[in-house]
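Reader: I would like to learn how to read a model of this kind, one feature after another. Could we start from the general idea each time and then turn to the case at hand?

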Amino acid sequence: MLNNFKNLWGALLACLLVFSVTSVNAGVTIQSWQAKSGAKVLFVENHDLPMLDVAVHFDAGSRRDIPKRLGRASLTVSMLQLGAGGLSEEVIAKRLADVGAQMGASFEPDRAGYSLRTLSSAREREPALQVLATVLTAPDFPETVVQREKARVIAALKEAATQPASIADKAFSKAIYGAHPYGLPADGEVEMVAKLTREDLLNFYQLRYAAASAVVAIMGDVTRAEAGAIAERLTTGLVAEVACEDIPNVEPLAKAYSERIAHPASQAHILIGAPGMKRGDADYFALYLGNYVLGGGGFDSRILKEIRQKRGLAYSAYSYFAPLKQEGPFQIGLQTKKQDADTALKVAQETLVRFIQEGPSAAELKQAKNNIILGFPLRIDSNAEILNYLGVIGVYDLPLTYLDDFPRQINQVTAREIQDAFKRRVHPDRLVTVIVGAPEK
Amino acid sequence: MANKLLRYLCVVGLSLPLTSFAASEAQEKILPNGLKVIVKEDHRAPVVVSQVWYRAGSMDESNGTTGVAHVLEHMMFKGTQSVPSGEFSKRIAAAGGRENAFTNRDHTAYFQTLEKSKLELALKLEADRMHNLVLSDQEFTKEIEVVRNERRWRTDDKPHGLVYEQFMAAAFNAHPYRWPVIGWMNDLEQMSTQDARTWYQRWYAPNNAVLVVAGDVKADQVFRLAQKYFGPLKAKPLPLRKLQAEPLQDGTRRLTVKAPAKLPYLLMGWKAPVLRDVVKDSDPYALEMLAGVLSANAAARLPQSLVRDSRIAQDADAGYDSVQRGPGLFMIDATPSEGKTVAELEAAIRAELDKIKRDGVTEEELNRVKAQVIASKVYQRDSVFYQGMQIGEMETAGLGHRHIDTRLEKLKAVTAAAVQAAAKLYLVDDQLTVAVLDPQPLEGKKPVAPPKGLHHGS
């Protein structure tokens, strides 16, 4: 059994960054172990508030969808709470509400699961955890509910197909990933969802919701012993092993690709990008820090300065890397008045090219480092945020020292490393450009 | 090594019992110039939130310059006599901070979240732009374009945003809640630097503001810093705020909005009272509980009856906000399932409301909503920012931050009979406005043609 004990934040903040040493309350001590069920557990004990947050994630995100059953992964996770262990969805909802607990499903490319927030006294905590355990380990997938939810998903897909932001997102993912699962529409397609059956969902659940792939994050007002029992309770009824199916590699783009989609909206939605980087990528810190300067740092970033501050072309303009198990998207995005679409596109492209050529200036680098390093306490100032980090660290197998390392790693990055990383990883002549609502050519 | 030792001390510190974590009362002090300073100490994390709230929102605007409160909010980042344009944001970012601002119908607020030792920077910069803003034509000309693009993005291209905007314009004839916070596009096109300047000179004064600081700080120290930076600012005579009572609505109002979409959408709203006296009022609390019984959780009436049982709705929600300066609305919005009409959906919603008017609500479902109220009192303490928001909202609505807990107690005391009585009294047709989205095919509306010869893209 793995048993790591690692102090993180209190030491780092109070001691390395010359902030006040009295801030021991900010300490984040992550404990991690493997449950008997095989699940990986990450726990931060904190009794400041009489509440408990729990999240359980599985390797059941959209990357586990297949083309002929699009939407299966998404529908499966949303169905878990709509009937389980013989309890109707109504009874499940009532049991949670009766104790003031909040439970919700989450769905991302690499993971799917549930999180629960409850008061920590036994009167509230026990019924709330019992509901979560039932939902995770004994979903019923009632046939009538499956049919109803399919209808709701289909209606939502049809609606999304009329809205420019959704149209752009879908076209962008497809263009940068092709047939790779990251390029599939996460909520499916109307025709495929219509064909999904209860058996499809049940099979997917049995295949993917396995204890061995479960990551249990626990944050708040319970002891280590209680956390241990909670983790067992939430994962013991799961199948032990997850099916092992490799996901194909993400292929870099071979050439530039541009798509213009007509839409009557007053603004054009512009997305530019390519597959970017992985979690734990060797270039992670250089690209992350560099992106602050390019388009991630709000008013500090070149993209917002050029597009918005200097020219008033858009309200929002940004760039980001979304790191995943495999190369997640690098994206530049903005919305601008239809007639300005080509101007804004040109400015965004030129800003990117110049940044790759020049790299960040010394002043930009310093500003970016200051913001990220000095602002690090803001990222872990609530139970909700720490729970989120526990999930990320667990799912992506990041070291338990991740929070500890983060500001230090950022601090070590040089301008040359950023320039070098961008040159190797972002190729302006091989990017996807999607414009929804562009003026007709 | 020193670092190692400190690290050890930190670890030891963590294992000690954390004392005095009872929620501390917020403390307040009014500076001689009228600025109210409210401090909510919360020592869980070494972080502080600073929020400056101005009691000036879109309801203080006039027809012809709608949106000016929000435009000024944008201009507040465009430089003072000593801090050049963009520098405010740059300095906060350099200190590791996050910052932004928001404009609402009732107020405009500016906020920064920082590591606790950086509070002074935020107060210094906020005090400066409360008094020394430079409004240049050059900056205004660019920023008004940003705001027009914001309007397109927020409202013009969002079908539900358009419906809400039109709904408010129909529900209110006279009260300024009738125009959108972002402003009508025509007013944004006509707006001048002078409009923004007039607004700034009229409303930006210490005696029209509340400074809320929440987080890992000591109240005394915050009061000292506030005095140091805001103290020298002069109070201004504020314009008389005339009461703008909305004439009594007597008859249902109906409107339709066409926009590119697939699903129709229904928005219903009834005129309703809001809190004016936290202790003595009772109906606003009953209406809050009514909204809770209708849709506060997945087992509530609207999702249970309309989404799950009859399957007439794709989704359905009730909403009511008792804390605001202007007149209130009790709202229900819903999307019909495919194949169902908005008329059928409206009839189903009315049937649910009639059931409550006729049979009341059960103790069980009322207690379920109260459980959420009780739990939320703990949950909201997880966010220092939210604690500051609550204080600012109560203050700018004129209710007072000291009544935050009173309000929760009053909610817990609402009876089933009071909920039923409020439904009967307020959810009546004569007070109702109904807006409907009539979805249009994408091909139906021709895009605005760009000027010829302007585009030379690849």
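Author: Let us begin with secondary structure: helices (H or I, at least four residues) and strands (E, at least two) are DSSP runs, numbered from the N terminus. On that basis chain B comes to 16 helices and 11 strands, while chain A has 17 helices and 12 strands. This is a predicted model, in which local features need pLDDT of at least 70 and side-chain atom pairs count only at pLDDT 80 or more, whereas totals for chains, interfaces and linings use all residues. Residues are numbered from 1 along each chain as its sequence is written, chains are lettered from A and ligands numbered from 1 in the order in which they are written, and side-chain values use heavy atoms, with hydrogens and water left out.

Reader: What does the radius of gyration of chain B say beside the globule rule?

Author: The radius of gyration is taken over C-alpha atoms, and the globule rule is 2.2 Å times the number of residues to the power 0.38. For the 458 residues of chain B the rule gives 23 Å, and the chain has 25 Å, which is close, so chain B is as compact as a globular protein of that length. As for extents along the principal axes, the C-alpha trace spans about 70 × 70 × 50 Å in chain B and about 60 × 60 × 35 Å in chain A.

Reader: How should I read burial and surface, and what share of the residues in chain B is buried?

Author: Buried means under 20% relative accessible area, exposed over 50%, and partly exposed in between (1.4 Å probe, protein chains only). In chain B, 58% of the 458 residues are buried, and in chain A 61% of the 441 residues count as such. Accessible areas come from the Shrake-Rupley method with a 1.4 Å probe, and for residues only the protein chains shown count as cover. By this method chain B exposes about 19,100 Å², of which carbon and sulfur atoms supply 54%, and chain A exposes about 16,000 Å², with 53% supplied by those atoms.

Reader: Which residues does Val434(B) touch, leaving aside those up to four places away in sequence?

Author: A contact means heavy atoms within 4.5 Å. Val434(B) is found in strand E11 (residues 432-440) of chain B, is buried with a relative accessible area of 1%, and touches, among others, Thr252(B), Arg254(B), Leu266(B), Met268(B) and Glu346(B). For chain B as a whole, 80% of the contacts between residues at least 6 apart in sequence join residues at least 24 apart.

Reader: Where does Val392(A) lie, and is it buried or exposed?

Author: Val392(A) is found in helix H15 (residues 383-395) of chain A and, at 9% relative accessibility, counts as buried. With residues up to four places away in sequence set aside, it touches Arg111(A), Arg279(A) and Leu398(A). Val392(A) and Val215(A) are 177 residues apart in sequence and 9.4 Å apart in space, C-alpha to C-alpha.

Reader: How are the domains of chain A assigned?

Author: Domain bounds come from an automatic or database domain assignment, which for chain A gives domain 1 (31-235) and domain 2 (257-436). The contact between them takes 34 residues from domain 1 of chain A and 36 residues from domain 2 of chain A, and their C-alpha centres lie 28 Å apart. Thr235(A) lies in helix H9 (residues 224-235) and is buried, with a relative accessible area of 0%. Its contacts beyond four places in sequence include Ala35(A), Ser37(A), Ala211(A) and Val216(A).

Reader: What is the phi of Asp397(A), and what is the phi of Arg311(B)?

Author: Most residues other than glycine have a negative phi. Asp397(A), although not a glycine, has a positive phi of about 50 degrees; it sits in the loop between H15 and helix H16 (402-412) of chain A and is exposed, with a relative accessible area of 57%. Arg311(B) has a positive phi near 55 degrees, is found in the loop between helix H11 (301-309) and strand E9 (313-320) of chain B, and is partly exposed at 29% relative accessible area.
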